[in-house]
Amino acid sequence: MKARFPAFADVTDAVIEAALVRARRVVDDSWLADDRQEAEHLHAAHEMTMEGLGSTNEAQLAGFKKLKLGTLELERDTSTANYDAPYGQTTFGQRFRDILRRNHPGILAIGG
């Protein structure tokens, strides 16, 4: 995973492995074989970024909705409403969501 996403090079192997274990609860054998590993890595990267781990700007600013540099002003995002939650909050999550949709497209039920 560190080779694929160098931003997590400083994250311990145990933390990465734990994130991958949690990702495998979402990405299972019902996914296309070619998508599984990438989806697991993206899910783990998204989760770690949301926890502020890694060296991406997203990780460093996780949880903030406003940052003002002149006389430093930070504002945490306390809203739970996000149209694309939970995966729209990081680039890793957005890429995971795309693979998720390919593997598990929404179902449209039409009543008659």
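Tutor: Helices here are DSSP runs of H or I with at least four residues, numbered from the N terminus. Ala44 is found in helix 2. Please keep in mind that this is a predicted model.

Student: How many helices and strands are there, and in what order do the elements run?

Tutor: The protein chain has four helices and two strands. Read from the N terminus, the elements run α-α-α-β-β-α.

Student: Why is Ala44 called buried?

Tutor: Buried means a relative accessible area under 20%. Ala44 has 0% relative accessibility, so Ala44 counts as buried. Leaving aside neighbours within four places in sequence, Ala44 is in contact with Met1, Ala19, Leu20 and Ala23.

Student: What makes Ala9 partly exposed?

Tutor: Partly exposed residues fall between the buried limit of 20% and the exposed limit of 50%. Ala9 is at 42% relative accessibility and therefore counts as partly exposed. Ala9 is found in the segment before helix 1. The C-alpha atoms of Ala9 and Ser55, 46 residues apart along the chain, are separated by 8.4 Å.

Student: How do you know whether Thr56 and Thr90 are buried or exposed?

Tutor: The cut-off for buried is again under 20%. Thr56, with a relative accessible area of 16%, is therefore buried. Thr90, at 2%, is buried by the same rule. Thr56 lies in the loop between helix 2 and helix 3 (57-60), while Thr90 is found in the loop between strand 2 (73-76) and helix 4 (91-103). Not counting residues up to four places away in sequence, Thr56 touches Ala7, Thr49 and Phe92. For Thr90, the C-alpha separation from Ala45 is 9.1 Å, and the two residues are 45 residues apart along the chain.

Student: What share of the residues of the protein chain counts as buried?

Tutor: Of the 112 residues, 32% count as buried.

Student: How do helix 2 and helix 4 cross, and which residues make the contact?

Tutor: The axes of helix 2 and helix 4 come within 8 Å and cross at roughly 145°. Helix 2 passes helix 4 in a left-handed crossing. The residues in contact include Leu42, Ala45 and Thr49 of helix 2, and Phe92, Phe96 and Ile99 of helix 4. By class, six nonpolar, five polar and four charged residues form this contact.

Student: How many aromatic pairs are there, and what makes the pair of Phe5 and Phe92 edge-to-face?

Tutor: Rings pair if their centres lie within 6.5 Å, and the count comes to four aromatic pairs. The ring centres of Phe5 and Phe92 are 5.1 Å apart and the planes stand at 80°, so the pair is edge-to-face; the cut-off for that label is over 60 degrees. Phe5 lies in the segment before helix 1 and Phe92 in helix 4, 87 residues apart.

Student: Why is the pair of Phe8 and Phe92 called tilted?

Tutor: The centres of Phe8 and Phe92 are 5.6 Å apart, with 50° between the planes. Stacked requires under 30 degrees and edge-to-face over 60, so the rest, this pair included, count as tilted. Phe8 lies in the segment before helix 1 and Phe92 in helix 4, so the pair ties together parts 84 residues apart in sequence. Ring pairs link Phe5, Phe8 and Phe92 into a cluster.

Student: Are Phe8 and Phe92 buried or exposed?

Tutor: Phe8 is at 0% relative accessibility and therefore counts as buried. Phe92, at 7%, also counts as buried.

How values were computed: Residues numbered from 1 in each chain as written. Predicted model: local features only at pLDDT ≥ 70, side-chain atom pairs only at ≥ 80, totals over all residues. Heavy atoms only, no water. Buried < 20%, exposed > 50% of the residue type's maximum accessible area, 1.4 Å probe, protein only. Contact = heavy atoms within 4.5 Å. Phe/Tyr/Trp six-rings, centres within 6.5 Å; stacked < 30°, edge-to-face > 60°. Axes fitted to C-alpha atoms, helices over the stretch in contact; angles between N-to-C directions. Left-handed = near helix turned anticlockwise from the far one by under 90°. Nonpolar A, V, L, I, M, F, W, Y, C, P; charged D, E, K, R; others polar.
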